[in-house]
Amino acid sequence: MRAELVRAVARVCPPWLADRADDLVQVALLRIYDVQRRSEGKAELSSFYLQRAAYSAVVDEIRRRRRRQEVPLEEERPETHPAAAQPDPESASAGAEIGRAIRDCLGGLVRPRRLAVALHLQGHRVAEAARLLGWSAKKAENLVYRGLADLRGCLKGKGMGR
Amino acid sequence: MTKDDPELEELRRAFTAPGGAAPRPEDCPAPETIWAAVHGELPPGELRDVVDHTVACPACAEDWRLAVEVEREAASTEDVGRAAAPLLGSRRWVRLAPLAAAAAAIVLLVVGLPLTQHRSEPTLREGPTVVSRLEDGQALPRTHCRLAWSGPAGATYEVEVHTLIGKSLDTARGLTATEYLVPEAKLAGVPSGTRLEWQVTATLPGKAPRYSSLSSFILR
């Protein structure tokens with residue numbers, strides 16, 4: 001189980017937290033043992049469960065560091081892709097500004113479009129978004145399409161679109 | 001390539017860029033809740049509240065993205081295809097490298113607002129079991145638009161082809177072969193040079209579906 005948990009933590013652990021990976025495995029293990037103890041050994045320890053435990057341990061640590069403002073900013077994180085260009089601080093700042101503008105614009109969309117576009121921007125394909133939101137694929141597709149059009153219009157109004 | 005390609009890529013990166021702070025940390029859903037939402041374990045009403053929260057909270061948007069990445073990785077490494085893992089695992093990162101570089105170049109050249117892309121270390125990862133056998137961004141002629149992938153034996157496949165804004169062009173279900181020729185008629189009206197995305201879902205009896213990573217090709 002520990003070996004599987006090590007792999008699960010490695011999947012989710014960002015490079016800048018890699019030095020804490022062993023500790024995070026330990027945290028996840030303790031939680032699993034606790035759940036096992038409370039369920040009197042009846043809890044099913046599936047791979048899925050171990051992945052969730054690893055995810056929770058890592059995200060809790062990220063949040064803890066966020067609170068203490070120890071999370072490196074985008075431009076300060078180690079670049080793990082040697083071929084990718086390193087942005088200068090001004091560009092990174094501009095990127096952050098786009099992120100804020102997107103959130104602001106999404107906040108102004110009607111809710112169904114906002115939800116559809118948010119999931120799409122998170123990398124979910126239309127069929128996945130439809131399944132998660134309990135919609136038909138056609139409805140999700142329309143909402144993504146129209147929501148992205150709204151988003152573009154809003155960003156353009158902020159001088160960020162084309 | 002349509003004008004939407006770099007724009008959507010940039011929007012996605014900006015929306016999920018790491019390093020954002022939570023405006024009201026006390027309101028953030030627990031990691032377990034985000035995990036449950038991403039895995040479809042929440043009722044739609046509750047899930048919508050979580051998605052709404054991620055719109056306002058860049059920190060939770062990052063947590064959500066992390067859960068999506070874990071889900072994709074885990075789904076693609078589960079119990080099948082382990083024999084092919086070392087090769088596929090290394091191929092995956094080789095395949096992603098030019099894609100990331102190209103995406104960064106597009107943003108730099110066309111938009112002028114570059115963002116870095118956070119990537120995890122490739123070590124300790126295993127290869128996906130549903131994997132495109134095409135180079136990402138490969139040009140395909142509309143008269144012979146053949147998509148190919150590797151996947152678990154005995155699976156049935158669903159292939160979805162869509163534009164970068166999510167407009168579905170073709171969905172083929174119940175495939176048993178690991179390739180699919182997109183009918184030319186389905187691509188009518190799509191200009192040459194357009195980048196399209198495709199994804200394969202593999203289903204084995206009694207098992208959860210497994211998704212390939214989103215791949216893209218350029219229609220010629």
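Predicted model: local features only at pLDDT ≥ 70, side-chain atom pairs only at ≥ 80, totals over all residues.
Residues are numbered from 1 along each chain as its sequence is written, with chains lettered from A and ligands numbered from 1 in the order in which they are written.

Chain A contains seven helices and zero strands, where helices (H or I, at least four residues) and strands (E, at least two) are DSSP runs numbered from the N terminus. The order of its elements from the N terminus is α-α-α-α-α-α-α. Of the 162 residues in chain A, 40% are buried (20 or more other C-beta atoms within 10 Å of the residue's own, with C-beta atoms placed from the backbone). Contacts are scored when the C-beta atoms of two residues, placed from the backbone, lie within 7 Å. Among contacts in chain A between residues at least 6 apart in sequence, 57% join residues at least 24 apart.

Two packed helices are described by the angle between their axes and the distance between the axes. Here, axes are lines fitted to C-alpha atoms, for helices over the stretch in contact, and angles run from 0 to 180 degrees between N-to-C directions. In chain A, the axes of helix α1 (residues 2-12) and helix α2 (residues 21-38) come within 9 Å and cross at roughly 120 degrees. The contact involves A:Arg2, A:Leu5, A:Val6, A:Val9 and A:Ala10 of α1(A), together with A:Ala21, A:Leu24, A:Val25, A:Ala28 and A:Leu29 of α2(A). These residues comprise nine nonpolar, no polar and one charged; Ala, Val, Leu, Ile, Met, Phe, Trp, Tyr, Cys and Pro count as nonpolar, Asp, Glu, Lys and Arg as charged, and the others, Gly among them, as polar.

A second pair in chain A is formed by helix α5 (residues 111-121) and helix α7 (residues 137-157), which pack at an angle of about 90 degrees with their axes 8 Å apart. Helix α5(A) is therefore roughly perpendicular to α7(A) (65 to 115 degrees). The contact of α5(A) with α7(A) divides into eight nonpolar, two polar and four charged residues.

In chain B, helix α2 (residues 31-38) has B:Pro31, B:Ile34, B:Trp35, B:Ala37 and B:Val38 buried. These residues lie on the same side of α2(B), because they cover an arc of only 160 degrees around the axis, taken from the directions from the helix axis to the C-beta atoms. Just after α2(B), B:Gly40 adopts a positive phi of about 70 degrees.

Terms used
Buried ≥ 20, exposed ≤ 12 C-beta atoms within 10 Å, placed from the backbone. Parallel < 35°, antiparallel > 145°, perpendicular 65-115°, else oblique.
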